[in-house]
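Please look at the sequence and the 3D structure shown here. A short report comes after them.

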Amino acid sequence: MRDLYENPLNTRYSSKEMSYLFSDDFKYSTWRKLWIALAESEMELGLNITKEQIDEMKKYVLDINYDVIAAREKVVRHDVMAHVFGFAQQAKLAEPIIHLGATSCFVTDNAEVIVIDNALKLVQKKLVAVMDKLARFALKYKSLPMLGYTHLQPAQLTTLGKRACLWIQDLLLDYESLSELLAKIRLRGVKGTTGTQASFLELFGDGAKVDELEKKVVEKMGYTEAYRVTGQTYPRKFDYNVLSVLSQIAQSAYKFANDLRILQSNKELEEPFEKSQIGSSAMAYKRNPMRSERICALARFVVSLPINEAITAGTQWLERTLDDSANKRITISQAFLAIDGVLNIYNNVADGMVVYEKVIDKHIRAELPFMATENIIMECVKHGGSRQELHGVIRDLSMISGKRVKEGLDNDLIERIKADEHFAAVKDKLDDMLSPAMFIGRSKEQVESFITECIQPILDKHSDDLGFIAELKV
């Protein structure tokens, strides 16, 4: 029997890579790296800190004494100070200078940005991998006609490749939003308790050195920029922007998975179904779209989260209030773990979709006679017919055939048109006029130009990420 509740986002859906980014090991080792960067920079700018103290700290970056820290937090009720204590118990030479001049948010907020940055880059990698798989799918089926739908009713034909491009277009917008967000990542920096840097000015007595301190720390952590002004925390609107981008990706995945569920219901497309997979515990014959349904379930959760961070951003009283902390521990991590699960499944499904071309063609043949009526009318007009008269006749014939279809009979509209003297001029051309390829417009050309001009440059830029293979836990 398990002693603790295990979060299904970790145990069932997210990857090891994403779970690690939100693990205690990654978080607290990043705290220790920040304390080392601060002490090292303070030493370089003239404070009485020795290399021996720095070296002592570096020994214990990954060797975190969790038991000591947990016991201390029970006493002091402060997680950062408990970690300062635990670090000092190991790096004893450095005990006097760990966290010198800093406030808790020096480690918590800078580390949070670093975690988010790494997580966003992992999301980008998987997003681009999906785009690549769908792009190859779109090119393969760029000319395969299939029914288009508006209002979920059969409409003018499209191609399967063109429909896949609609899914990719959504992801392209997401990629652009994500890239813009990544380009603007900033650390909170070295700002002190309320963002005034007063404690560091007291240490150095020189504003230029305080500026240099922040620059050094930021660079040591691998970044180029910090927010120019903050209160105690980095702006919480950043968290809202992050979750908004994750929500956008979730929306796109939701749309794709819903579309696939509809197409699978029509028996035109199907998500991967493994040899030993069970579709239903009761109905052994069923091949339920379980992966697409799981995408929708997780995506719905992510879509719901930005409002939470909007409220947090709007209620940060003056320089800061602590009601963001417990909330952020939940919403930020779970949003990333869930979207990671979404993209893992999306990659898996996009890599193995099954296409049933004969079923697609059968559905086209059932509807195409209705769609061909406008072309038939125009061809008859070229031979001297009256458009209004022809429209009225073909409408009456369509109503009769439409009623037959709803009764489960074959669509006999073309036979009725052939037998009507109003359409004698095109009687011998009707079969040729019913080629589905004549009704797909510029679908093929649109697929080719969209993939070549809009998507391929992104795939080339991220060529190292295109071999991603999603390993699903369940």
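## Basis of the model

This is a predicted model, in which local features need pLDDT of at least 70, side-chain atom pairs count only at pLDDT 80 or more, and totals for chains, interfaces and linings use all residues. Residues are numbered from 1 along each chain as its sequence is written, and side-chain values use heavy atoms, with hydrogens and water left out.

## Two residues with positive phi

Most residues other than glycine have a negative phi. Histidine 99 is not a glycine, yet its phi is positive, about 75 degrees. Histidine 99 lies in the loop between helix H6 (79-90) and helix H7 (104-140); helices are DSSP runs of H or I with at least four residues, strands are runs of E with at least two, and both are numbered from the N terminus. Histidine 99 counts as buried because its relative accessibility is 13% (buried is under 20% relative accessible area, exposed over 50%, partly exposed in between, with a 1.4 Å probe and protein chains only).

Lysine 267, also not a glycine, has a positive phi of about 65 degrees. Its place is the loop between helix H11 (237-265) and strand S3 (269-270). With a relative accessible area of 58%, lysine 267 is exposed.

## Helices H5 and H6

Helix H5 (residues 66-76) packs with H6 at an angle of about 135 degrees, and their axes are 8 Å apart (axes are lines fitted to C-alpha atoms over the stretch in contact, and angles run from 0 to 180 degrees between N-to-C directions). H5 is therefore oblique to H6 (under 35 degrees is roughly parallel, over 145 roughly antiparallel, 65 to 115 roughly perpendicular, and the rest oblique).
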